[in-house]
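Subject: Structure handover

Hello,

Here is the structure for your files. Please open it alongside this note, and read on for what was found in it.

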Amino acid sequence: QVQLVESGGGLVQPGGSLRLSCAASGSIFSIDDMGWYRQAPGKEREFVATITSSGSTMYADSVKGRFTISRDNPKNTMYLQMTSLKPEDTAVYFCYAGVRNVARSFVNYWGQGTQVTVSS
């Protein structure tokens with residue numbers, strides 16, 4: 001089995017910064033893409049950022065220039081550095097990973113979510 005654990009969420013003032021982490025563990029042969037979605041109250045879950053195993057990145061227009069996604073492949077860990085945070089960034093942030101296990105099966109996994117609140 002594979003588990004994804006997010007950390008780093010919390011309360012921050014507008015203009016502040018947070019760094020989210022997503023650590024994958026379990027029966028992992030390799031991880032292809034990893035990324036982040038978020039869901040605010042009353043809104044649909046939306047794409048935030050993704051990073052491939054080779055380091056190619058994509059961002060939602062709403063966060064481009066403010067958020068940076070990165071990964072440490074030997075540690076099976078992904079990060080989302082968030083700067084210049086705005087109240088509209090308030091949401092539960094979910095990480096995902098496309099995992100190939102030792103049997104070479106490929107499954108998308110999701111973390112439990114971490115709350116980010118941007119408020120004065």
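Start at arginine 66. Its side chain makes a polar contact with the side chain of aspartate 89, at 2.7 Å. A polar contact here is a pair of N or O atoms within 3.5 Å; within protein, one must be able to donate a hydrogen and the other to accept it, and residues adjacent in sequence count only if both atoms are side-chain atoms.

Before going further, some ground rules. This is a predicted model: local features need pLDDT of at least 70, side-chain atom pairs count only at pLDDT 80 or more, and totals for chains, interfaces and linings use all residues. Residues are numbered from 1 along each chain as its sequence is written, and side-chain values use heavy atoms, with hydrogens and water left out.

Back to arginine 66. A polar atom of its side chain also lies 3.0 Å from the backbone oxygen of serine 84. Arginine 66 sits in the loop between strand E6 (57-59) and strand E7 (67-72). Strands (E, at least two residues) and helices (H or I, at least four) are DSSP runs, numbered from the N terminus. Arginine 66 counts as buried, because its relative accessibility is 11%. Buried means under 20% relative accessible area, exposed over 50%, and partly exposed in between (1.4 Å probe, protein chains only). Not counting residues up to four places away in sequence, arginine 66 touches Gln81, Met82, Thr83, Ser84, Leu85, Lys86 and Asp89. Contact means heavy atoms within 4.5 Å.

Next, glutamine 81. This residue is in strand E8. Glutamine 81 counts as partly exposed, because its relative accessibility is 31%. Beyond four places in sequence, its contacts are Ser17, Leu18, Arg19, Arg66, Phe67 and Thr68. Glutamine 81 and serine 21 are 60 residues apart along the chain, yet their C-alpha atoms are separated by 8.7 Å.

Threonine 77 is also in strand E8, which covers residues 77-82. Threonine 77 is buried, because its relative accessible area is 11%. A polar atom of its side chain lies 2.9 Å from the backbone oxygen of lysine 75. With residues up to four places away set aside, threonine 77 touches Cys22, Ala23, Arg71 and Asp72.

Then glycine 16. Its place is the loop between strand E2 (10-12) and strand E3 (18-26). Glycine 16 is buried, at a relative accessible area of 18%. Tyrosine 37 is 21 residues from glycine 16 along the chain, and their C-alpha atoms are 20 Å apart.

Now the whole chain. How many helices and strands are there? The chain has zero helices and eleven strands. Its radius of gyration is 14 Å, close to the 14 Å that the globule rule gives for 120 residues, so the chain is as compact as a globular protein of that length. The radius is taken over C-alpha atoms, and the rule is 2.2 Å times the number of residues to the power 0.38. The C-alpha atoms fill a box of roughly 50 × 25 × 25 Å along the principal axes.

Of the 120 residues, 40% are buried. Among contacts with a separation of 6 or more, 56% join residues 24 or more positions apart.

Best wishes
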